[in-house]
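Please keep the structure in view while reading.

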Amino acid sequence: MSEVMVRPSRRKQGISERLHKALLKERTEDLAVLLVALTHPKVQALYESWGYAKVGKQQPFADPPVYAVMVKGLRD
């Protein structure tokens, strides 16, 4: 998955969290990893509220922004 967006008129209804949970529900991996631009602290806070933790930073190429690397355990 590269990016998921919810239309502004549909935000604040829990749609993105339900979609996120549905996408991860059947995964067999132990961890989910995502990148979020450091310039988007509200998005980082949203992912933290879903159980992700920031574990580092990454700039995959010379041109793009620096991203926060966030992980979430998928197994209890």
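Two strands are said to pair if DSSP finds at least two bridges between them. Helices (H or I, at least four residues) and strands (E, at least two) are DSSP runs, numbered from the N terminus. This is a predicted model, in which local features need pLDDT of at least 70, side-chain atom pairs count only at pLDDT 80 or more, and totals for chains, interfaces and linings use all residues. Residues are numbered from 1 along each chain as its sequence is written, and side-chain values use heavy atoms, with hydrogens and water left out.

**Sheet**
- Lys 54 has Met 70, in strand 3, as its bridge partner.
- Strand 2 and strand 3 (residues 67-73) are joined by five bridges in the antiparallel sense.
- The open sheet has three strands in the order 1-3-2, with antiparallel pairing.
- Strand 1 (31-37) and strand 2 (53-58) are the edges; each has a single partner strand, so one side of each lacks a neighbour in the sheet.

**Helix 1**
- His 20 belongs to helix 1 and counts as buried (under 20% relative accessible area, 1.4 Å probe, protein chains only), because its relative accessibility is 16%.
- Leaving aside neighbours within four places in sequence, His 20 is in contact (heavy atoms within 4.5 Å) with Trp 50 and Tyr 52.
- Leu 19 also lies in helix 1 (residues 15-25); its relative accessibility of 37% makes Leu 19 partly exposed, a class between buried and exposed (over 50%).
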